[in-house]
Amino acid sequence: MQHSQHPMLNIAVKAARAAGKIINRATLDLDTVKVSKKQHNDFVTEVDKAAEQAIIDVLLQAYPDHAILAEESGEEHGNSGSEFQWIIDPLDGTTNFIHGMPYYCTSIALAHKGIVTQAVIYDPTRNELFTASRGRGAYIDGKRIRVSRRDRLADGLIGTGFPFRDLQGVENYLKMFGTMTEHCAGIRRPGAAALDLAYVAAGRMDGFFEQGLNPWDMAAGSLLVSEAGGLVGNYTGESDFLFEGEILAGNPKIYAQMVKLLEGYSRTKRVAAPAKASAAASEANPQA
């Protein structure tokens, strides 16, 4: 690698590769993978759980006093009082994985005092490793990456995700989807938000928007995008997206054009104060 990596990033890479091995082994015989449902359209497999355990083992061996927020097991590892918190999604894109569709990834981020400082997204199907450290740029396999240079949304390829868990949001989402379809060159919905954000960082998509996401879907990808020269926020363009459940990302020019189209759909703007508290509570529930 051309650049020296932060020691904590090295540990995250080791953890992501350990998870990738487990995921790749399971793809050899998908029919034997046990699948259970968390709720509507929300699946978890024994592979998610085994990959998560492998990640936690690597992280806590290196940093036993760090806190961990993990998708499948919730916040029950390490030292919850630590100012360092690992935010992990062992297998983002489980539904793709179950069907043998090769678009899923492992996402690992480290937040220090609530700010994401290290990020790893590993795509085991392509053996592509996306990494970023705050202030040090974003990389694929050690090569520097930048967001795209397209400056017109009309020429842009935009990623998104449908609200699959909370189907109450579908009607509103379809309006938003229609608006965006009219204004860009194409919309893609590959099915793994973390990897979609990595693709924005690498310039493979010009922008991305989705709602109903959890912090572990967004944490690592958001740092990749910003370190690759892009912008990340909620639909109104403000930076407090990680626990708001909505995200907008893109190169700076595309991002600005997307905000104009999507700000009216923002939960943070639409919801009145009392309702907002209950919305925040449901976002905070890791099973939601």
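This note goes through the aromatic contacts and the nonpolar cores of the structure.

1. The model is predicted, so local features need pLDDT of at least 70 and side-chain atom pairs count only at pLDDT 80 or more, while totals for chains, interfaces and linings use all residues. Residues are numbered from 1 along each chain as its sequence is written, and side-chain values use heavy atoms, without hydrogens and water.

2. The whole structure holds 8 aromatic pairs (rings of Phe, Tyr and Trp, the last by its six-membered ring, with centres within 6.5 Å; planes under 30 degrees apart are stacked, over 60 edge-to-face, the rest tilted). Phenylalanine 162 and tyrosine 173 are edge-to-face because their ring centres are 5.7 Å apart and their planes stand at 75°.

3. Phenylalanine 162 is partly exposed, at 35% relative accessibility, whereas tyrosine 173 is buried, at 1% (buried is under 20% relative accessible area, exposed over 50%, partly exposed in between, with a 1.4 Å probe and protein chains only).

4. The largest nonpolar core has 41 residues, of which Ile121, Phe130, Leu195, Leu224 and Ile247 touch the most other members (a core is a set of buried Ala, Val, Leu, Ile, Met, Phe, Trp, Tyr and Cys residues joined through side-chain atoms within 4.5 Å). Another core lies apart from it, with 30 residues, including Ala19 and Ile68.

5. Phenylalanine 130 touches, among others, Leu195, Tyr199, Arg204 and Leu224, leaving out residues up to four places away in sequence (contact means heavy atoms within 4.5 Å).
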